[in-house]
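Open the model in your viewer and keep the selection panel at hand. This tour goes stop by stop, saying what to select next and what is there.

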Amino acid sequence: MCSQAPPSMVSTEQRQHAEHIFLSFRKSKSPFAVCKHILETSKVDYVLFQAATAIMEAVVREWILLEKSSIESLITFLLTYVLQRPNLQKYVREQILLAVAVIVKRGSLDKSINCKSIFHEVSQLISSGNPTVQTLACSILTALLSEFSSSNKTSNIGLSMEFHGSCKRLFQEDDLKQIFMLTVEVLQEFSRRENLNAQMSCVFQCYLALANQVLSWNFLPPNHILSCREVMHYIAMFEATQNVMLKPTASWRETLLDHRVMDLFFTVHRKIREDSDMAQDSLQCLAQLASMHGPIFPDENAQLTYLAHLMEGLLNMINGIEIEDSEAVGISNIINNLISTFPRSVLTALPNELFASFINCLTLLTCSFGRSAALEEVLDKDDMVYMEAYDKLLESWLTLVQEDEHFPRGCFVQPAVQVFNSYIQCHLAAPDGTRNLTANGVASHEEEEINELQEDDRELFSDQLASIGMLGRIAADHCIPLLTGLLENRVTRLHGQLQRHQQHLMASADPGTVDRKVLDDLYEDIHWLILVSGYLLADDPQGETPLIPSEVMEYSIKHSTEVDINTTLQLLGSPGEKATSIPGCNRTDSVIRLLSAVLRTSEVESRATRASLTELLSPQMGKDIVWFLRRWAKTYLLVDEKLYGQISMPLSTAFGADTEGAQWIVGYLLEKVINNLSVWSSEPDLANDTVELLVTLVEKRERANIVVQCENWWNLAKQFASRSPPLHMLSSTVQRTLMKALVLGGFAHMDSDTKQQYWAEVLHPLQQRFLNLINQENFAQICQEEAVKQEIIATLEALCGIAEATQIDNVASLFSFLMDFLSSCIGLMEVYRNSPETVNLIIEVFVEVAHKQICYLGETKSMKLYEVCLTLLQVYSKNNLGRKRLDVAAEEDQYQDLLLIMELLTNLLSKEFIDFSDTDEVFRGQEQSSGAGRAVSAADVVLYGVNIVLPLMSQDLLKFPSLCNQYYKLITFICEIFPEKIPQLPEELFKSLMCSLELGMTSMSSEISQLCLEALSPLAEQCAKTQEKDTPLFIATRHFLKVSHMMSKPLMQEYSELVETLLSNQRDAVIYQRLADAFNSLTASSTPPTMDRKQKVAFLKSLEEFVANVGGLLCVK
Amino acid sequence: MADPDLDFTSGDAGASTTFPMQCSALRKNGFVVLKGRPCKIVEMSTSKTGKHGHAKVHLVGIDIFSNKKYEDICPSTHNMDVPNTKRNDYQLVDISEGFLSLMMDNGDVREDLRVPEGDLGKEIESKFAAGEEMLVTVLSAMGEESAVAVKPMTK
C-alpha cells in the first residue's frame, strides 16, 4: 500500500515502485479473472479501485477479442457486485459504475449492447424504497449520462470523435429520455411526501442533480452530414458544459412539452427552497426549461403556450414568498434565459394581463435586488449574490427595451421609472437616498486606500450604467428632470458648503479642522448623478460618430413648443448663476438644462480653485465632469442635422453649426481645460481626462475650426511652447497628448497668414529653442547641466506628441518637420551616450515616428527614414558594445532599449504589410522619381538592426515576456518578408538566428513556437526554389524538419509514411476506404507541390474538406 | 569622496546640488532624492485615500552609488528634491593602490577615485592588465562621485 501511505511511512522510491506495480498491472493482458478474484476477496479499498480500473481499460483495449456474452456477463457481475456491497467506499463504487458505463458505451454501436436491461434493473432498484439502493440507482444513471454526454466528464477511451458523436446521438433519442422519465418519477414520488428525513433528502438531492444534468444536455443536431463547423462542434463539446441552452430534438416533444413536467419542477422548488444546495439545482432546472428552443416546438403557438405556462408558474412561485439569498441568482437566471430565448413575437402574443404582471414582478424584483446589492456593498461581502442577480436582471431589461417597438407603446415607462428611481435612491446619501446605510439604518463610512489599478466606477459599472441609462431614456419625461433637479440641488449645496469652509478658513486658518464628511457625501452624490446623466444622454461607440439617442431627441422635440429658446440659451450661458434664479427657468429645454446642471457643477469647481480651495475639492468629481463633457461634446456639439430624420429646435439652435451657442460652449470647454491643466497638474488621471477632452475638441475638423478662433487656444499654445509653469509640471504622458492636440488644431481651417502665425507660435519655438541649445559651442560642456537636460527631455517628449498627431492629411508637413529633428537626435545620442534615460527617450521618438508615419510615406521619404534609423542603430551599437555598468538597473535599462529597437524594426517592416502611400497623394509634387539612387532598403536596415540586437540578446533577457514576444515577432516578419536575404547573412548572425528559432520552437510558449513555425515555411520555400542541397540554409531547414516532426507536424517528406500508418491502423473497411479517398483527394491537386499562392490556397481548401470529412475520425478521445 | 582641493568641476561651483520638482512631474528612470540619498526612480505609482481623496505618489528608488533601495510616499502636489547629476567619460591611464588614474579632456589627470567594488572593478583591473584602452564613466551627484561604467575605446 506504499502508493497511498503517508509520506512519513514510505520513501519516494518505495512510492514510485508501488505506483509502477499498479500501472503495469493495469496493462496486463486479459486480467478479468484476476480482477474478479481481487474484487471478491480483497478488503483494501484502493486495490478494489485499481481492479475496477484494470477491468475497464482491458475491455476497451481487447474489445475486438471479447465475445458479446462475456461482456454482458462482466456487466452483470459488476452491477451485482456493487448491489451486494452497500458499504463500499464511494470512490470504489463510482469507479466500478464508471467501468460499466464505459463498457456499455463502447458496445452501443457494434455489439448491440444496450441500456435496456440496466434500466430495467434500475427501475426495480428505485421501487425498492430503500434509500441506499435508490442512491445506487442514481449513481448508475449518472455514470451513463456522463459517459454518453461526450463532454469533459467523459473518459478517454481512445476512439474517434465521430464514434463519440454517434453514440451520443443514439443515446439522446432514447436512453436519455428513459433516464429523464425515471428521474421525473422519483421526483414526483418525493414531492408528494409530507416529511422527508435526512436520508431521503439526500436521495432527493441526487435525483434533482441528475435531472439538472439531463436538462443541461448539449443536444447534437440529428442529421448525419458533417460540416467542418460540426467537427469543431465535436471538439468544443468536450471542453465546456457550462451555460448550455436547452435545444432538444423534435422527439422530445411529448416529454418536455408536457406541462406536468414543468409543474413538477416548480413544486419541487417550493418544497426544498430553504435548502440552499438543493434550491440551486431546482432553480437551474427551471432556468434550463426557460432556455428551451429549437425543433421541439412544432410552431409558434406551441411556444406561446409553453411560455405562458412557464410565466404563470414563475409568478406563482415568486409572489407571496420572501426570496432567500440563495435564490436570487437562480431566479434572475430563469428570467434572463426566458427573455433572451423567446422571440419578441411570442412575448407580445402573451395575454396582456399575464405579460403585465410579469413585467410588474420583474420591476419589483429588480428594485429589491438592487437594494440588497447596495447592502452587500456596504457590508463588503465576499460573495455578492445580489449584485450578480441585479446585473442579470438589468441585462434582461436592456434586451427587452432595446426592441421596445414590438411592445405596446409606453408599456415600459412606469417600470423604467421605478427601476431608475431605485437605482438613484441606492446611490444617493440620506435623507434622499440610502447609500451606505446598513439594514437597520446605521450609516457606515470608511475611507479605504485605492490604488491606481482599481477601475473607475464609470468602467467598473459600465454595464449597469448602460442599462440604467437606457431605462432613463425610455422614461425621459421623468428621469431627465429628476436628474436635473437633484444635480442642481447638490451643486447649490456644494457651493454653500464650500463658501462656509472658506469663511471658516479665513477665520481660523487651520485647514485641519475642516470636516470633509458633508463634502464627501455631496461629491459622491454628484459623482453618480453625473455618471447616470452621461450614460443617459449619450453613447460612446468606439470609432463611429455617436448619435443623439432617438428617445432623447423625441423627448426634446415633444416639449419644444413649451420651450422658450432665449431663456434656454440664457440658462446655458450663465453657469455661474443658480438655475432656479433665472426667470422662466421652467420653460427651458430639459436636455439642455441637464447639460447646464453639469456646467454649473463645473463652474463651482473652477471658482473654488480660484479661491484656493483646491485642497477641499474632489479630483474624482473633476474627472466625472470632464468625462461627461467629452462624451457630451462627441454627440451634441455641432449636431449634424443630416444624420437625423427630425431634429429638436432647441438642440439645433443651441449646439448646431454656426451658432453662437456652439461657439460659446467651445470657449467654455477650452477655459475649463486650461484651468484644469494648471490647477490639477498633480492629479494624473484628471489631467489625462482633461487633455483627452481637448483632443476630442480638435480631432474633428468642424470642431477644431471653432476652437482655433478662441483666443484662449492661442494662449494655451504659446504658454506650452514657452515651457513655463504650470504646464511643465504635468506628467510626461499628459504633455505628449497636449502637444498632439495643439498640432491637430493646427490643421483646422485658417487663412494662410493665420496658419503661418499659428505654426510660428506652436512648432517653431520648439525648433528654435532646440537648435539654439544644441548649436551652442559649449554644448558638450553644458549638456549635463540640469536645465539643459530638462529642456532636451521636454523637446523629445514634444516630438513624440507631434508624431502621435499624424493623420493622413497632415503627414506631409509633419514628416518634414520631424525629419530635421531626427538627424539632430542622432547627435544627441552621441552626446548623451552615457545617460541611459535620455538614450531611451531618443529611441522612443524614432519608434513613434516610424509607427505613425511609415505607412503613408512614398519611396524617397521612406528611404530617408530608413537611413536615419540605420544611423541611429549604428551609433547605439558603437556606444553600447562592450559597455559594462555597475548599477542594478542596468539590465532593466538595456531591456527597455532593446524592446524599443525591436519595436522600431517591426514598425519599419510593417511597411510591407500596411502601405497607404500608393493610394493617396499626400506627397504629390514632392516626390521625385526615384528608384535609381536607391541607397538603403528596409531589409538592410532591419537586418542591420537584428545584427545589433542579437549579440545583446540573452536567454535571461528573453525571460521578459514582452521582449520575448517582440523578438520572435520580428524574426518571423523578417523570414516571411526577406527569405532570400537569410542565406546571405554573415555566418555568426545566421547561426544565432537559427539558434533562436530552435529555442523558440522547443522551449517557449505555444504562441512563440507557432511564430517560429510560421517563420520556417518561407525558409523552406526558399530552399525549394534554389534547389541547392548543401547550403547552410538547406541543412538548417532539414534539421528543423526533424524538430518539427517531433512536434507531430507532418511535413511533405514524412507525409506518405504518416498516411500509411494512419491507414494501417484502421480496421474498419468502410472507414479505411473513406480515409484513403480523403487522403487521395487531399493531395491530388498539389503533387508535386509547387509554391505559388494559388496552389497554397487550393491546398488549404482541400485540407478544409479533408478535415470536415474525416476530422471526426482522426480526433481521438 | 572628492578632495575639495582637487575640485575641477568649477563650472558649477556654488550651484545647488539639487532642485525641486512637483512629485507628479517626476518620471520613471529619472532621479530623485529619497531619505537624503540620490536615487534613480525604478517604480512610481499613485493611490488615494477614499474615492474623493487627492493623489499620493509612491516612489521606489535605487541609490545611484550604493544600489540600496529606498521608498517614499507623499502627496503628489509636494515638491521633491531632484539631484543634479552628471556623467563624464574619462580615459583610464593607470591603476595604482586601488585608485584609478583618469585623464580629463584638458589633459589633466585625476587620481582621486577608487576602483569600484565588485564585478565592475574586477573587469576594469583585468582589462587594464591585458593592456586594453578604456573609457570610464564617472557619475557625480550631491557631492559624491563614483565610477559606474566602463567601455572599451573605439577607434
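Predicted model: local features only at pLDDT ≥ 70, side-chain atom pairs only at ≥ 80, totals over all residues.

Start inside chain B. Select domain 1 of chain B and domain 2 of chain B; across their interface there are two residue pairs in polar contact, both residues at pLDDT 80 or more. A polar contact is a pair of N or O atoms within 3.5 Å; within protein, one must be able to donate a hydrogen and the other to accept it, and residues adjacent in sequence count only if both atoms are side-chain atoms.

Residues are numbered from 1 along each chain as its sequence is written, chains are lettered from A and ligands numbered from 1 in the order in which they are written, and side-chain values use heavy atoms, with hydrogens and water left out.

Colour the two domains next. Domain 1 of chain B spans 18-83 and domain 2 spans 85-152; the bounds come from an automatic or database domain assignment. Their C-alpha centres lie 30 Å apart. Each gives nine residues to the contact, meaning heavy atoms within 4.5 Å. Together the two domains of chain B bury about 750 Å², 72% of it on carbon and sulfur atoms. Buried area is the accessible area (1.4 Å probe) that two parts lose on being put together, summed over both.

Now show the side chains of B:E144 and B:R37. They form a salt bridge, with the closest N and O atoms 2.6 Å apart.

Move to strand β7 (residues 85-96) of chain B. Strands (E, at least two residues) and helices (H or I, at least four) are DSSP runs, numbered from the N terminus. Seven bridges join β7 of chain B to strand β10 (residues 134-141) of chain B, antiparallel. Strands pair if DSSP finds at least two bridges between them. Find B:N88; its bridge partner in β10(B) is B:V138. Five bridges also join β7(B) to β8 (residues 99-103) of chain B, again antiparallel. There, B:I95 stands opposite B:L100. Two residues lie between the strands of this hairpin, and B:E97 takes a positive phi near 50°.

Bring in chain A. Its contact with chain B involves 57 residues of chain A and 47 of chain B. Chain A and chain B bury about 4100 Å² between them, 47% of it on carbon and sulfur atoms. Pick A:I450, A:K884 and A:L886; in chain A they lose the most area to chain B, together 16% of what that side buries.

Which residue of chain B forms a salt bridge with A:D457? Select B:K51: the closest N and O atoms are 2.6 Å apart. The count between the two chains is eight salt bridges.

Finish at β1(A). Three bridges join β1(A) to strand β3 (residues 37-49) of chain B, running antiparallel. Select A:E449; opposite, in β3(B), stands B:T49.

Key:
Salt bridge = Lys/Arg side-chain N within 4 Å of Asp/Glu carboxyl O.
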